[in-house]
Amino acid sequence: MTGREVRHDDAELKKELDATLHARRELGEEYESALVDSFLEKVEQRLDGAVDRRVRRRLAEEQLVAARGARSPQSADSWGERFGFGIVSLVLAIPLSAIGVANAHLPGLLVAWAGIVGVNVVQASRLSPGFFGRRRSRQESDWEV
């Protein structure tokens, strides 16, 4: 809400309160609870409207960020990226294996595959930072500090 909207809503609520108090003076105490309930209902509707506007604005901002292609931390670990990297590494493994075997036989093959595995391990640790971290024991929980 902008400053103008807040001042406008405050002025309207003040008018509503003044009207409610004036009606109470004219109608008497027997209508007091109905008048108060009516005023509180109007205040609640204003609050609901303000919350709805904030929620819509927040959702629109998130959709705008998503439409612009900004990646959230959760989307960095996408299945498609991992699958694509795995396919590319397997495709490149064929010529690397042939070159390793042609030049150094079995040790060349082992070095080529050690490099392939190393690159995939680095990629997996980059996409899933907790992948190689310590595992939580059963006694640890998210609530402990």
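This is a predicted model: local features need pLDDT of at least 70, side-chain atom pairs count only at pLDDT 80 or more; totals for chains, interfaces and linings use all residues.

Visitor: How many salt bridges does a search of the whole structure find?

Guide: A salt bridge pairs a side-chain nitrogen of Lys or Arg with a carboxyl oxygen of Asp or Glu within 4 Å. The search of the whole structure finds 7 of them.

Visitor: Which residue forms a salt bridge with Asp18?

Guide: The partner of Asp18 is Lys14, and their closest N and O atoms are 3.6 Å apart. Asp18 is partly exposed, as its relative accessible area is 39%, whereas Lys14, at 53%, is exposed.

Visitor: Where do Glu16 and Lys42 lie?

Guide: These two residues form a salt bridge whose closest N and O atoms are 2.8 Å apart. Glu16 is in helix H1 and Lys42 in helix H2, so the pair ties together parts that are 26 residues apart in sequence. Glu16 has a relative accessible area of 23% and is partly exposed; Lys42, with 31%, is also partly exposed.

Visitor: What separates Glu62 and Arg58 in helix H2?

Guide: About one helical turn separates them, because they are 4 residues apart in helix H2. Glu62 and Arg58 form a salt bridge, with the closest N and O atoms 3.1 Å apart. Glu62 is partly exposed at 42% relative accessible area, and Arg58 is exposed at 51%. Elsewhere, salt bridges that share partners join Arg24, Glu29 and Glu32 into one network.

Visitor: Which residues form the negative surface patch?

Guide: Such a patch is made of residues that have no salt bridge and over 30% relative accessible area, with like charges joined within 9 Å. Here the negative patch consists of Asp37, Glu41, Glu44, Asp48 and Asp52. One of its members, Glu41, lies in helix H2, residues 32–67. Glu41 counts as partly exposed because its relative accessibility is 47%.

Visitor: Is Gln123 buried or exposed?

Guide: A residue is called buried when its relative accessible area is under 20%. Gln123 is buried, because its value is 13%. Gln123 lies in helix H3, which spans residues 79–127.

Visitor: Which residues does Gln123 touch?

Guide: Leaving aside residues up to four places away in sequence, Gln123 touches Glu81 and Phe85.

Notes. Residues are numbered from 1 along each chain as its sequence is written. Side-chain values use heavy atoms; hydrogens and water are left out. Patches are made of residues with over 30% relative accessible area and no salt bridge: like charges are joined within 9 Å, nonpolar side chains (Val, Leu, Ile, Met, Phe, Trp, Tyr) within 5 Å. Accessible areas come from the Shrake-Rupley method with a 1.4 Å probe; for residues, only the protein chains shown count as cover. Lys and Arg count as positive and Asp and Glu as negative; His and the chain ends are not counted. The place of a charge is taken as NZ of Lys, CZ of Arg, CG of Asp or CD of Glu. Helices (H or I, at least four residues) and strands (E, at least two) are DSSP runs, numbered from the N terminus. Buried means under 20% relative accessible area, exposed over 50%, partly exposed in between (1.4 Å probe, protein chains only). Contact means heavy atoms within 4.5 Å.
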